[in-house]
Amino acid sequence: MPEPKRQLVLGAHFPSMGQHIAAWLHPDSQIDAGQNFPYFVKLAQTAERAKFDFVFMADAVATRDGNMEALSRWPQYMAHFEPITLLSATASVTQHIGLVCTASTSYYEPFNVARLFGSLDHISGGRAGWNVVTSANASASFNFNRDEHYDIAERYERAREFVRVVLGLWDSWEDDAFLRDRAGHRYFDASKLHKLNHKGTFFSVRGPLNLARPPQGYPVIAQAGASEDGKELGAETAEIIFFSQQRIEKAREFYQDVKSRMAKFGRAPQQLKMLAGLNPTVGTTTSEAQAKFDYLQSLIHPDVGKELLSVDLGGADLSHLSIEEPIPDHLIPEKTRASMSRLKTVGSVAQQEKLSIRELYERYAGSRGSYSVVGTPAHIADQMEEWLTTEAADGFIIQASYLPGGFDDFVNLVVPELQRRRLFRTNYSGHSLRQHLGLQRPESRYIS
Ligand SMILES: Cc1cc2nc3c(=O)[nH]c(=O)nc-3n(C[C@H](O)[C@H](O)[C@H](O)COP(=O)(O)O)c2cc1C
């Protein structure tokens with residue numbers, strides 16, 4: 001028997017029409033994607049046929065504000081299903097694939113989140129995952145009784161306490177608390193019911209949750225922060241981390257950095273799967289793949305390109321600048337309440353490489369900061385194998401430039417190549433998302 005090989009974890013991220021800012025202009029993308037349930041089901045079923053670990057739906061609890069002239073040419077988050085509702089419906093038309101989505105710790109209450117993801121875990125038979133985000137989009141504050149977004153440190157402090165409360169609520173009932181014993185005239189064993197009685201800085205939550213312990217014990221915790229605070233929260237609580245790095249050396253550094261922080265929280269590196277964002281453009285030949293890539297790049301509207309950079313650069317106003325010139329240094333702020341890590345990455349590339357605005361937005365238009373690969377299935381599989389075997393990632397979250405075609409290409413051409421190399425499963429061996437990922441089911445804290 002050949003040695004069992006370490007295999008990739010694969011998630012599929014479905015940002016409505018695709019990851020590229022011009023995806024909706026591609027004639028084969030689904031123009032009403034954000035509000036088309038049958039379309040989403042088809043994507044999820046395609047991912048399940050390909051034996052992906054999970055599908056992932058990102059979320060924001062606001063439209064994007066900014067330059068409406070530009071935003072009217074860029075639909076992201078403007079018409080977007082609430083993802084827990086979407087995944088609950090998807091659970092009933094899929095059998096194996098994990099269902100992961102975002103809920104914001106800045107604008108939800110822990111009791112709601114525990115109940116929603118606990119319910120999704122029951123509905124799906126143990127396939128739920130919660131992506132813990134603190135929300136980089138400052139506009140969300142205006143929808144939740146605030147005039148201003150929390151600053152980054154406060155957001156992450158709140159997130160840490162939030163996760164602790166949610167985990168506590170999932171332990172409200174021991175696994176065997178519900179007896180449902182008609183003959184004995186007893187529905188539950190009250191000694192196996194636990195009130196959390198949490199009183200902290202941000203939350204006061206008595207509990208218990210009005211829901212039996214989730215099938216996975218806890219739904220899987222995902223996280224995607226990349227700032228110092230984000231990495232600390234990920235090392236302490238996350239079982240999946242999504243991260244964006246464009247170069248393998250940087251990815252290795254990030255991977256090492258986060259995994260090495262885990263020990264101080266009493267965690268082993270295998271308890272966390274770090275998944276790099278991968279934006280693949282696949283062709284049967286290199287030139288075919290390149291032509292697909294160039295086509296989408298040619299569809300970028302300059303106002304949208306500038307808006308993309310403006311968001312990453314903490315709202316810098318670039319509207320009056322020529323796209324053939326670099327961004328003057330003084331327009332790049334030092335701080336933002338949005339994403340510090342995006343500001344640092346894009347800001348330093350702008351300042352050091354002195355790219356023109358057009359070159360800069362072209363770099364991020366499709367990948368949005370993730371690793372972008374253009375080429376044949378063998379070439380893309382080579383890169384994925386190198387990232388896995390040299391500990392730059394435990395797997396990837398696939399972010400196709402346009403949907404469904406870009407994802408179909410990956411599934412039809414790259415997945416079989418990964419399977420041939422024994423880098424990816426050919427069948428599901430477990431039922432729950434934890435089993436797909438090789439993660440233990442956590443015991444209740446009340447079991448000694
Ligand atoms: C694959 C991936 C998915 C993400 N999904 C979301 C999301 O659904 N909602 C959100 O507000 N931010 C999302 N983010 C952004 C992160 O939560 C985070 O804000 C960002 O990586 C910056 O990290 P920082 O906030 O620690 O600076 C995502 C990031 C990545 C790489």
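Biologist: Which residues make up domain 1 and domain 2 in the domain assignment?
Modeller: This is a predicted model. In the domain assignment, domain 1 is built from several stretches, 9–173 + 200–298 + 368–437. Domain 2 is the stretch 301–364.

Biologist: What distance separates the centres of domain 1 and domain 2, and how many residues does the contact take from domain 2?
Modeller: Taken over C-alpha atoms, the centres of domain 1 and domain 2 are 25 Å apart. Domain 1 puts 22 residues into the contact, and the number from domain 2 is 16 residues.

Biologist: How much area do domain 1 and domain 2 bury between them?
Modeller: The size of an interface is often given as the accessible area lost when the parts come together. Carbon and sulfur atoms carry 59% of the area buried between domain 1 and domain 2. The buried area is about 1,700 Å².

Biologist: How many salt bridges and how many residue pairs in polar contact are counted between domain 1 and domain 2?
Modeller: The salt bridge count between domain 1 and domain 2 is 0. For polar contact, with both residues at pLDDT 80 or more, the count is 4 residue pairs.

Biologist: Which helix gives the largest share of the side of domain 1 that touches domain 2?
Modeller: Helix 2 (68–71) and helix 5 (152–170) each supply at least two residues of that side. By class, the side has 8 nonpolar, 7 polar and 7 charged residues. The largest share is 3 residues, and it comes from helix 2.

Biologist: Which residues come nearest to the ligand?
Modeller: There are 20 residues around the ligand. Those that come nearest are Asp59, Thr102, Tyr156, Ala224 and Ser227.

Biologist: What is the distance from an oxygen atom of the ligand to the side chain of Ser227?
Modeller: Asp59 places a backbone N or O atom 2.8 Å from an oxygen atom of the ligand. For a backbone N or O atom of Ala226 the distance to a ligand oxygen is 2.9 Å. In Ser227 the atom is an N or O of the side chain, and its distance from a ligand oxygen is 2.6 Å.

Biologist: Where does Pro208 lie, and where is Pro404 placed?
Modeller: The Gly207 to Pro208 peptide bond is cis, with omega near -5°. The Leu403 to Pro404 peptide bond is also cis, with omega near 5°. Pro208 lies in the loop between strand 8 (204–205) and strand 9 (220–223). Pro404 is in the loop between strand 13 (395–398) and helix 13 (405–420).

Biologist: What is the phi of His185?
Modeller: His185 sits in the loop between strand 5 and strand 6 (186–188). His185 is not a glycine, yet its phi is positive, at about 60°.

Key:
Residues are numbered from 1 along each chain as its sequence is written. This is a predicted model: local features need pLDDT of at least 70, side-chain atom pairs count only at pLDDT 80 or more; totals for chains, interfaces and linings use all residues. Side-chain values use heavy atoms; hydrogens and water are left out. Domain bounds come from an automatic or database domain assignment. Contact means heavy atoms within 4.5 Å. Buried area is the accessible area (1.4 Å probe) that two parts lose on being put together, summed over both. A salt bridge is a side-chain nitrogen of Lys or Arg within 4 Å of a carboxyl oxygen of Asp or Glu. A polar contact is a pair of N or O atoms within 3.5 Å; within protein, one must be able to donate a hydrogen and the other to accept it, and residues adjacent in sequence count only if both atoms are side-chain atoms. Helices (H or I, at least four residues) and strands (E, at least two) are DSSP runs, numbered from the N terminus. Ala, Val, Leu, Ile, Met, Phe, Trp, Tyr, Cys and Pro count as nonpolar, Asp, Glu, Lys and Arg as charged, and the others, Gly among them, as polar. A residue is near a molecule or strand if one of its heavy atoms lies within 4 Å of it.
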